[in-house]
Amino acid sequence: MPSTAESALGDRLVELTTSLRDHGIRVGTSEVADAARIATALGLDDRIRLRGGVAAAMLRRAGDREVFDRLFDLYFPAAPGRRTVARAESVDELRDQLVQALADNDAQGLEDLAAAAVDLLGEVANGDEQQGYSSAQTISRLQPQRAIAAARQQSRGARGEHSGSGQGGEQLSDRFDREEMRARVAAFRRRIEAEALRRNTQVRSRERVARFGVGSGIEQRDFLSAGTKDLDELRRHIDPLARKLAARMSARRAAGRGEIDVRRTLRRSLSTGGVPIDPAYRERRRHRPDLIVLADLSGSVGAFSTFTMLLMQALHAQFRKVRAYGFVSSTAEITDVLKDAEPGAPLGIWARRTREFTAHGTSSSYGTAFRGFVRSEWESIGPRSTVLILGDARTNYGDPGVAHVAAIAARARHVAWLNPEPARMWDTGDSVAAAYGAIVDMHECRNLDQLRAFVARVLPV
């Protein structure tokens, strides 16, 4: 029989697992069992060591660690209630203490300061008279980034060094110091977020705080709701993601087999009494398809289309040729623009300011865009072409141009449509997803996970 402590530990691990799954992190039964054995062996005295051990057992991808850490701190908090730390009397006093802790890289001091900051600046009152704590409010009032310069100067002074800015420009050591201090401030912000979440569990259920207070990881974050910071992080995934997907696509192409060769199969069967135990296959003709990307660059869809096109461009070696077209209300080729674009280039904003894409207005018009593409680029589509359409299928109640999509599908080898909206939103309002889906394969592609799965398993190679 397990002890009461072991039973409580098991229950808490199960709750953590449920919350991880709710946030899109896959955790199997065997991983939970491994985590329980590791937690029992490590004990609960050292939370840092325990968190590392449970993470090693439960997680399969490094990208899930940030979400795991925040949820772990909810289900295995350092201590309940308020911490007994010295309360600062003002923001200026708190910031002075932060400068000293950053300069000394004092981990415990920064932990205590995060608690003190939430205590002084983070308290908010709700209409139900329950008080909670806001990490965003705490960070906004404290502005810890303002402590970076002073902390750098104090740290260098303690080492007997001087800034090189007055000696012919910034020195390499200055740059290292600045990046190191920024990393410490970022870690301090995460401490504030963890402390606010921990305190909120005292006035609300832990499950509610986990659901609404902890965001999904970058892999599951919706393209359409992604902010500027999220998009910057997504773009940093393009090159490593492209390398992984290229390896999978190459393996998938090599593993494919052609049709059964009946004559060679029957010949082989003579040695087994006519039973075709070992079928022979015709050698599959290897070829790389042409890829044509036709992307809606209007509104919030533009960010999704830009990221996807940049990923396809990074996968160019897997295709014989890659050509990209963008549209708002009219269509123009952007292959060369995409090649020269910076990873963070806002192509959607650029397209809405460029006449070639807005000949019929600044709102998306699928019908006129498809008609223009068929008229001007018909010869670019052939039997080797894979056409990838990116957009939300919202026509602003205009002509959807279904006949033109049907013409493209009849001429190309394969046509697929990636829709960044949830499937439950299709065919609501001005969406005509079903009309397009009756002609071409339409795939929900809301986040990086779904895009990776499409490229690795569905995109023809």
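Which residues have the most contacts inside the largest nonpolar core? They are Met309, Met312, Leu315 and Val455. This is a predicted model.

**Nonpolar cores**

- The largest nonpolar core holds 44 residues.
- Helix α14, which spans residues 301–314, gives the most to this core. Its share is seven residues.
- Another core lies apart from the largest one. This other core has 26 residues, including Ala55, Met58, Phe68 and Leu71.

**The second largest pocket: space and position**

- The second largest pocket contains about 570 Å³ of space.
- Domain 1 (4–75) and domain 2 (91–213) both give residues to the lining of this pocket, so the pocket lies between them.

**The second largest pocket: lining**

- The lining of the second largest pocket is made of 21 residues. The closest to the pocket centre are Arg51, Asp73, Arg190, Arg191 and Ala194.
- Four helices are listed as giving two or more residues to this lining: α3 (47–58), α4 (65–75), α6 (107–121) and α9 (172–200).
- Helix α9 gives the most, with seven residues.
- Which classes of residue make up the lining of the second largest pocket? There are 14 charged residues, six nonpolar residues and one polar residue.

Note on methods
Residues numbered from 1 in each chain as written. Predicted model: local features only at pLDDT ≥ 70, side-chain atom pairs only at ≥ 80, totals over all residues. Heavy atoms only, no water. Core = buried A, V, L, I, M, F, W, Y, C linked by side-chain atoms within 4.5 Å. Buried < 20%, exposed > 50% of the residue type's maximum accessible area, 1.4 Å probe, protein only. 1 Å grid on protein atoms, 1.4 Å probe; cavity = no way out; pocket = protein on both sides within 12 Å on 5 of 7 lines; lining within 4 Å. Points joined across faces, edges and corners; volume = space filled by probe spheres on them. Nonpolar A, V, L, I, M, F, W, Y, C, P; charged D, E, K, R; others polar. Domains from an automatic or database assignment.
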